[in-house]
Amino acid sequence: RLALPSLNYLLSYLTVSIEPLPPVVVGDAVTLKCNFKTDGKMREIVWYRVTDGGTIKQKIFTFDAMFSTNFSHMENYRKREDLVYQSTVRLPEVRISDNGPYECHVGIYDRATWEKVVLASGNIFLNVMAPPTSISVIAADTPAPFSRYQAQNFTLVCVVSGGKPAPLVYFKRDGEPIEATPLPEPPAATGNWAPRNLLHRDLDDTKVPQSVAEGEMGGGPPNTAEPPRGLVAERDPTTEAIPETVVSREFPRWVHVAEPIYYFRHTHVPISDGTVEARATLTWTLNPQIDNEALFSCEVKHPALSMPMQSEVTLVAPKGPKIIMTPVRARVGDTVRILVQGFQNEVFPEPLFTWTRVGSRLLDGSAEHAGKELVLERVPAELNGSMYRCTAQNPLGSTDTHTRLIVFENPNIPRGTEDSNGSVTSHRSFRLVLALTLTVILELT
C-alpha cells in the first residue's frame with residue numbers, strides 16, 4: 001500500500017490579528033497594524049474601510065506579492081517554516097469620518113496545490129474622539145418680564161457642540177458644584193415651596209422720580225409740576241436745557257421660605273458630521289434677592305480634553321439704562337429716535353424693553369411700544385415737555401428710566417402752520433383762507 005503523506009505537511013496555515021488601539025483624537029496620527037503568521041507563500045494583503053453597517057468595503061491599501069520581491073520565498077514547501085509578517089496602514093491626521101471598522105485580508109498559496117489561495121482576515125474598530133468645539137450658557141424663554149408678586153421658575157441652558165462621544169455636563173454656583181435632582185421632563189410651574197400670599201399695592205414706592213424722592217428726604221414738598229407746553233425758542237448751545245432722565249429700580253417684596261431645589265436634565269442630539277450637540281438644563285425657583293449677581297458656570301468633562309471646558313454667566317438685573325436721543329436738538333417736524341444704548345452693568349439674561357408716555361398715549365396712538373428704540377415721526381410742538389418712560393426688566397429685576405422731550409421751534413416752519421402730527425399745512429389752504437378774508441373785507445367796505 002502507498003502511504004499518504006501527513007496532512008501537516010500538505011496544508012498551510014495562516015493566522016491574522018490586528019493590534020488593538022485605544023480611542024484616538026481628531027488630528028492624531030494613527031498606525032493600523034495587521035500581524036499574520038504563516039508557513040505558506042504570500043499572495044496578497046488588502047486593507048478595507050467598512051462603511052454602511054458592513055455592506056460596503058472600500059479598499060485603502062493593496063499589496064500584491066506577484067509583483068513584489070519584498071517577501072522571501074520558501075525553497076522547500078514540505079519543510080515547515082514559520083514566518084511572521086506585519087502590514088501597516090498609517091493615517092496621518094484622523095478625522096471623524098475615519099471612525100469605524102477596518103479589516104485586514106491576507107491571502108497565501110496553499111502548499112498542497114500552489115494554485116488554491118487560503119484567505120484569513122482580522123478586524124478592528126477605530127474609535128475617533130472629537131473634543132467639544134463650543135460651549136455657551138443661555139437663559140430659556142427670554143426675554144421675560146419681571147414678576148413682582150409671584151415666584152417663577154428660571155432655567156439655564158448649557159449648549160455644548162462638536163463633541164464625540166457626548167460629554168459630561170454639570171453646573172456650579174459661585175464655584176461650588178450644584179447638587180441637582182435628575183429630571184427627564186422640566187419641572188411643573190410650581191417650585192418646591194409655595195410663596196406666601198402677597199397684598200396688592202396700589203402705589204409702588206420704589207418707582208418714584210429721583211427729584212421727588214430727594215424732596216421727601218429733605219422734608220420739602222415734591223416738585224410734580226408739569227413743564228409748560230409749547231415751543232422752546234432757539235438758544236445758545238451752552239445754555240441748552242438737557243432732557244431730564246430719572247432712573248428707578250425695583251426688586252420683589254416676597255421672600256423664599258426654604259432653599260430652592262435644582263432640577264437637572266441632560267439630552268444630546270446626533271449631528272450629521274458624527275458629533276453630538278449636548279444640552280443640559282438647570283431649573284429652579286428664582287429668588288432675585290439672593291440670585292441677583294450669582295455666578296453660574298457650566299463645565300464639561302470629555303476624554304479628548306486635558307482639562308474641563310467651561311462657560312459662565314452672572315445673573316444681573318438691569319441697572320442704569322443709558323438713553324440717547326437723536327437729534328440732540330429736536331425741532332418741529334423732525335423724526336426723533338430714543339434708544340437704550342446700554343446699561344451701567346452687564347445684564348443677564350437679556351432684558352425686555354417697554355416704552356410708554358407718562359400721562360398720555362404715544363404719538364401713534366398706542367399705549368406702549370416694545371423694543372430698545374422708540375421712534376417719534378414728525379414731532380409736533382405739542383410734544384414739547386412730554387415725558388417718556390422706558391421699562392427694562394428681566395426675571396431678576398426691573399428698572400425705569402424717564403426722559404423728557406424738548407422740542408425747539410423750526411425756523412423753516414412758521415408758527416401755526418404745522419398740524420397735530422408736525423406736518424406743514426399746505427399753501428393752498430393758506431391761500432384759500434387769505435382769499436376768504438379779502439372777500440369779507442371787500443364786502444364790508
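Student: In which sense do strand S23 (residues 352-357) and S26 pair, and over how many bridges?

Tutor: Keep in mind that this is a predicted model. To read a pairing, look for the bridges and the sense of the two strands. Here S23 and S26 run antiparallel to each other, with 6 bridges between them. For a landmark, take Phe-353, whose bridge partner in S26 is Ala-392.

Student: And what pairs with S26 besides that?

Tutor: Strand S27 (residues 397-404) does, again in the antiparallel sense, over 8 bridges. The link from S26 to S27 is a hairpin of 2 residues.

Student: Why is strand S26 said to be largely enclosed by the rest of the structure?

Tutor: For that, count buried residues, meaning those under 20% relative accessible area. In S26 (residues 387-394), 7 of the 8 residues are buried, so the strand is largely enclosed.

Student: Now the open sheet: in what order do its 5 strands come?

Tutor: You get S10-S11-S17-S16-S14, with mixed pairing. Strand S10 (134-139) and strand S14 (180-182) each have a single partner strand, so they stand at the edges, and one side of each has no neighbour in the sheet. From one strand to the next, the twist averages 25°.

Note on methods:
Residues numbered from 1 in each chain as written. Predicted model: local features only at pLDDT ≥ 70, side-chain atom pairs only at ≥ 80, totals over all residues. Heavy atoms only, no water. Pairing = 2+ DSSP bridges. Helix = DSSP H or I, 4+ residues; strand = E, 2+ residues; numbered from the N terminus. Axes fitted to C-alpha atoms, helices over the stretch in contact; angles between N-to-C directions. Buried < 20%, exposed > 50% of the residue type's maximum accessible area, 1.4 Å probe, protein only.
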